[in-house]
Amino acid sequence: MLLIGSEAQPFAKTGGLADVLGALPPALQRLGWDATVVLPRYHGVSAGTLSRTFPVSVGGYTRTAGFYEAPLADHARAVLVECPDLYHRDGFYGADGVDYPDNPRRFAFLVRAALEYAAKRGTAPDVIHAHDWQAGLAPVYLKTVYAAHPVLGGTPSVFTIHNLAYQGLFESDWLPRVDLGWDQFAVDRLEFYGHISFLKGGLTDAQLITTVSRRYAEEIQTPAFGFGFDGVLRARAGALVGILNGIDTQEWDPARDPFLPAPFGAEDLSGKRAAKIAVLKRYGITADETSLTRPLVGMVSRMVAQKGFDLIEAALDRLTALDATFLVLGTGEPRYQEMWRALAVRYPDRIGARIGFDESLAHLIEGGADMFLMPSRFEPCGLNQMYSMRYGTVPVVHGVGGLADTVTDVSSGNAAANGFVFTDYTPEALLGTLARAFSTFGNAPSWHALQAAGMQQDFSWDRSAQEYVKIYRRAIGLRAEGKGHTDGS
Ligand code: ADP
């Protein structure tokens, strides 16, 4: 197995992609697969042992690349591609909010380096698994530059979308500079409204496509969530599968979380009360009988409209009138940061806001809150609702993407109900759902049943990795049958 992407834990992270690429290779090796993930060796990354060096060329641009291997497990490793001219910069993708102008070359080079590295091992990987636009050219190169390659020719590829909002859009004159012909500048190829899109290359040429939840796989086939790619995705509906991300169940475990004052589990939730006291204190709110009986709503999030902060803003007057405590942690758009700061000043005994990134406080909020609010407008997978459930913290969510796939509303009558879900993206729906949650919170047996349902769920990577293995086997089968595409199958 060869995985290609721009970030992987513990080497480089800006988002969920890094969690997936760090966790999936070890999970695959537990299922008996040998897995290598290739990513850039960015400025400041010192991990890995130099295993080989050789020149890599993209569109006449040639540099000697160093390949540094770092083990992730017995049969899983990262290979970090060193090329100072391309990767030793202040940011991964850009600086001061501006993308690096040579990003097409930087990531085409990564893909070429990964494929050349695999070719030099003499046997092709069973499958090449490319992630997001940065690796979008891997499926394209396998069908063009490497189509008749003695080692890599015919290798099947899988492409995973982590967030469709990022599409790798560039001027078409990049085509020759990334070794592609002008025939790629066509609407059924890489062209996207006058530009070329690396993402579209991956979507078009991979044998199979996955994204990070079943519901998101359906949603991105609609204009509302498709960012203009819904048509391309509908055309490949038969090849598109949703696989929910796993979570790190070691790091997020209330029974041994060093950031909690006392451990707890489904059988004994007394440690959760200790966490509630601790988190109230961290926010400077007195932990007395009043504040301990009030429902405590937590949020840990990027403060952007995607995460539902526009909805909260629209509901603000009625939200702050509720008899509940809100504790928020996040960074993002200044207007939402200011909004929460001002609320905390105005309601010091019921609202707490911390602007910043704080891993330990994120754990304490998950441990101490009664409910966790995620009103995202769209959410490819989402992790916090899964952390919440492990910590007996009941999620209140907008039913989209991974939130819809992991949270089942009490009113569904389903025995596995584990939270509260609203469908309409309106202040009324948000407030009505919070009111329902507060009412259930007042009924201890019902509330404990909800907590228990969430705490029993399996969100481990092993479950996700099994789903990926099914996809890999399907891609390998397609190769054996000599089929390029599975559309409509
Ligand atoms: P996204 O990747 O879209 O931001 P996810 O829910 O998939 O959303 O993952 C976000 C991750 O980042 C979660 O693990 C969340 O706890 C963490 N996180 C976000 N903001 C903060 C913060 N300010 N402090 C600590 N952790 C944060």
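The chain of this predicted model is divided into two domains. Domain 1 takes in residues 2-246 and 462-480. Domain 2 runs over residues 270-458. Taken over C-alpha atoms, the centres of domain 1 and domain 2 are 35 Å apart.

The two domains touch. Domain 1 brings 15 residues to the contact, and domain 2 brings 16 residues. The size of an interface is often given as the accessible area lost when the parts come together. Here domain 1 and domain 2 bury about 1,100 Å² between them. Carbon and sulfur atoms account for 62% of that area. On the domain 1 side, Arg 215, Leu 244 and Arg 463 lose the most area to domain 2. Together these three make up 34% of what the domain 1 side buries.

Now turn to the ligand.

Which atoms of Gly 356 and Asp 358 face nitrogen atoms of the ligand? In both cases the answer is the backbone. A polar backbone atom of Gly 356 is 2.7 Å from a nitrogen atom of the ligand. For Asp 358, a backbone N or O atom lies 3.0 Å from a ligand nitrogen atom. Asn 384 uses its side chain: an N or O atom there is 3.2 Å from an oxygen atom of the ligand. Taken alone, the ligand exposes 560 Å², and the protein buries 85% of that.

Most residues other than glycine have a negative phi, and most peptide bonds are trans. Gln 9 and Pro 10 are joined by a cis peptide bond, with omega about 0°. Pro 10 sits in the loop between strand E1 (2-4) and helix H1 (16-30). Asp 96 has a positive phi, near 50°, though the residue is not glycine. Asp 96 is found in the loop between strand E6 (94-95) and strand E7 (98-99).

Conventions
Residues are numbered from 1 along each chain as its sequence is written. This is a predicted model: local features need pLDDT of at least 70, side-chain atom pairs count only at pLDDT 80 or more; totals for chains, interfaces and linings use all residues. Side-chain values use heavy atoms; hydrogens and water are left out. A polar contact is a pair of N or O atoms within 3.5 Å; within protein, one must be able to donate a hydrogen and the other to accept it, and residues adjacent in sequence count only if both atoms are side-chain atoms. Accessible areas come from the Shrake-Rupley method with a 1.4 Å probe; for residues, only the protein chains shown count as cover. Domain bounds come from an automatic or database domain assignment. Contact means heavy atoms within 4.5 Å. Buried area is the accessible area (1.4 Å probe) that two parts lose on being put together, summed over both. Helices (H or I, at least four residues) and strands (E, at least two) are DSSP runs, numbered from the N terminus.
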